[in-house]
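Keep the viewer open as you read.

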Amino acid sequence: MNRDTQLRKGIYVEAEETARQRQFMNEVREINHQYETEHGKKKLYYIQTYGCQMNENDSERLAGMLTEMGFAEARVRDESHLIIFNTCCVREHAESKVYGHLGGLKKLKDENPDLIIAVCGCMMQQPEVVEHIKKSYRHVDIIFGTHNLHTFPELLYRVLATGKTVVDVWDSTGMIAEDLPIERKDGVKAWVTVMYGCNNFCSYCIVPYVRGRERSRSMESIINEVRMLGQQGYKEVTLLGQNVNSYGKDLNDGTSFAKLLYELNKIEQIERIRFTTSHPKDLSDELIYAIRDCNKVCKHLHLPVQAGSTKVLKEMNRKYTKEQYLDLVDRIRKNIPGIAITTDIIVGFPGETEEDFLDTLDVVEKVRFDSAFTFMYSKRTGTPAAKRPDQVPEEVKKERFERLLEVQNRISREINELLLGTTVEILVEGPSKNDINTFTGRTTTNKIVNFKGNRELMGKIVTVRIDKVQTFSLEGTLEETAEK
Ligand code: 5AD
Ligand code: SF4
């Protein structure tokens, strides 16, 4: 059995693989060191990330490896020596954007043949995409997938050594490469991936095909990572997984997500713990109690409903009915008063009738979500829903999307208006993008609050009086004795 087969089957020892990649990092660093000596500056990299927070977290891992290899981050894309696109394929829109931007790089590569262009992420797990890129975007140098992100140093070394295009996409992996470097941008909040993959196969969703089956990291390695983040000054962690509620099931040793929360809650320097995403079918009472009882776990639950009609939910393979979802929300709110609930909703799933859509609006009115990510159904090749003949016409999807948005925006605003004149505690994240004197933080319920402040407050929990509300954010004034 060769090394690749062993790795794919998870037989290779993880530490051995990490050590192997570290050797390649050293090799590339040597090459880069020569460049630096000759030119008096480091080679620059630029990573463009599409899609979800898991992808953002993967990009932080790539950035960590690149720093180890002697690269520095470029301020603007076109001055860099290495450009990476970390792609998403959950909806068609994300894919088209990648192709557009890739096409745009051709001219840059013509002007600078030494430029290295790499593409990775979920899109690359689809063989037809890889074929298309190989054929139509010949200026791409490296193609790799989600399962072998950790082999990036090796692939980069091969390109630097041979000048030839390298394509290496694994279709699965049995291991999780721990202990690779990671470079996070934000100094207050950090993402921590707790599990990879998804076993649910919702009929519209491509994720299980491109991210593989559920694999949980060990509790020990997550606790160590969060402890280290606390020591580095981070105040908030967001635990990531496609379905964090089933965290630990594959470890078969009694580990559960609730248990993980109780353990992380003990870590002193960390003030807040968030997580996403929760599948309604797996949300246990044990987890509800953990959210209630752990003082650092934020009172916010992202609980994608996807649709309101029980018929559509069944066809989506979501494994709950409209009533079960509403009951679950009741149970959560009874146990954790004041908790914010947000959601994801798809309109225009194949076969969705006006009546089905009204069920979605009904759920939105009944639950009164704090906010919702709303999507028009997008056909994903390879998923069961894409094969259905009863696709909903674009104009109908659009019309429903707009009606849904109007209802949800009204509700979000109404919920925010209840906060007018009250005081809330926020963790200060940093200055706002538009004004350096305005700072941004979030309430435990994940509401964005802008206020006039200063850098010294970053990473602190302060009290703010809310004096203006919008649909997506609040404005407030710092209280005199604001700092906790
Ligand atoms: N079309 C539209 N939205 C989708 N999502 C996932 N797959 C599709 C699709 N094919 C949405 C779901 C999911 C979110 C991350 O993206 O609402 O929760
Ligand atoms: Fe996709 Fe469903 Fe898994 Fe979420 S739970 S990643 S929607 S298959």
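A residue counts as exposed when its relative accessible area is over 50%, as buried when that area is under 20%, and as partly exposed in between. Keep those cut-offs handy, and bear in mind that this is a predicted model.

**Around the ligands**

Let's start with ligand 1. Its shell is made up of Val 90, Arg 91, Tyr 204, Gln 306, Asp 344, Ile 346, Phe 375, Met 376, Tyr 377, Ser 378 and Arg 380. Sorted by class, that gives six nonpolar, two polar and three charged residues. Two strands each put at least two residues into this shell: strand 13 (340-347) and strand 14 (371-376).

| Residue | Atom of the residue | Atom of ligand 1 | Distance |
|---|---|---|---|
| Arg 91 | polar side-chain atom | oxygen | 2.7 Å |
| Tyr 204 | backbone N or O | nitrogen | 3.0 Å |
| Asp 344 | polar side-chain atom | oxygen | 2.6 Å |

On its own, ligand 1 would expose 400 Å², and the protein buries 85% of that.

Which residues sit around ligand 2? They are Cys 198, Asn 200, Phe 201, Cys 202, Tyr 204, Cys 205, Val 207, Pro 208, Gln 242, His 279 and Arg 318. This shell splits into seven nonpolar, three polar and one charged.

**Into the cores**

The largest nonpolar core has 69 residues, and the ones touching the most other members are Leu 239, Phe 257, Leu 261, Leu 264, Phe 275, Tyr 325 and Ile 332. Take Tyr 325: leaving aside residues up to four places away in sequence, its contacts are Pro 280, Leu 303, Pro 304, Val 305, Tyr 320, Ile 341, Thr 343, Val 363, Val 367 and Phe 369. There's also a second, separate core of 26 residues, with Met 25, Ala 118, Phe 152 and Leu 180 among them.

Phe 369, one of those Tyr 325 contacts, belongs to the loop between helix 13 (354-367) and strand 14. Is Phe 369 buried or exposed? Its relative accessible area is 0%, so Phe 369 is buried. Beyond four places in sequence, its contacts include Val 305, Ile 341, Val 364, Gln 408, Ile 411 and Ile 415. Arg 410 is 41 residues away from Phe 369 in sequence, with 11 Å between the C-alpha atoms.

Over in helix 6 (residues 152-162), the buried residues include Phe 152, Leu 155, Leu 156 and Val 159.

Asp 186 is in the loop between strand 6 (166-168) and strand 7 (189-193). It counts as partly exposed because its relative accessibility is 28%.

For a cis peptide bond, go from Thr 276 to Thr 277, where omega is near 10 degrees. Thr 277 lies in the loop between strand 11 (272-276) and helix 10 (285-293).

Next, visit the loop between helix 11 (310-315) and helix 12 (322-335), where you'll find Asn 317. Asn 317 isn't a glycine, yet its phi is positive, about 65 degrees. Lys 319 is in the loop between helix 11 and helix 12 too, and its phi is also positive, near 70 degrees. Asn 317 has a relative accessible area of 28%, so it is partly exposed. Lys 319 comes in at 55%, so it is exposed.

Terms used:
Residues numbered from 1 in each chain as written. Chains lettered and ligands numbered in written order. Predicted model: local features only at pLDDT ≥ 70, side-chain atom pairs only at ≥ 80, totals over all residues. Heavy atoms only, no water. Near = heavy atom within 4 Å. Polar contact = N/O pair within 3.5 Å; in protein donor to acceptor, adjacent residues only side chain to side chain. Areas by Shrake-Rupley, 256 points an atom, 1.4 Å probe, with all protein chains shown as cover. Helix = DSSP H or I, 4+ residues; strand = E, 2+ residues; numbered from the N terminus. Nonpolar A, V, L, I, M, F, W, Y, C, P; charged D, E, K, R; others polar. Core = buried A, V, L, I, M, F, W, Y, C linked by side-chain atoms within 4.5 Å. Buried < 20%, exposed > 50% of the residue type's maximum accessible area, 1.4 Å probe, protein only. Contact = heavy atoms within 4.5 Å.
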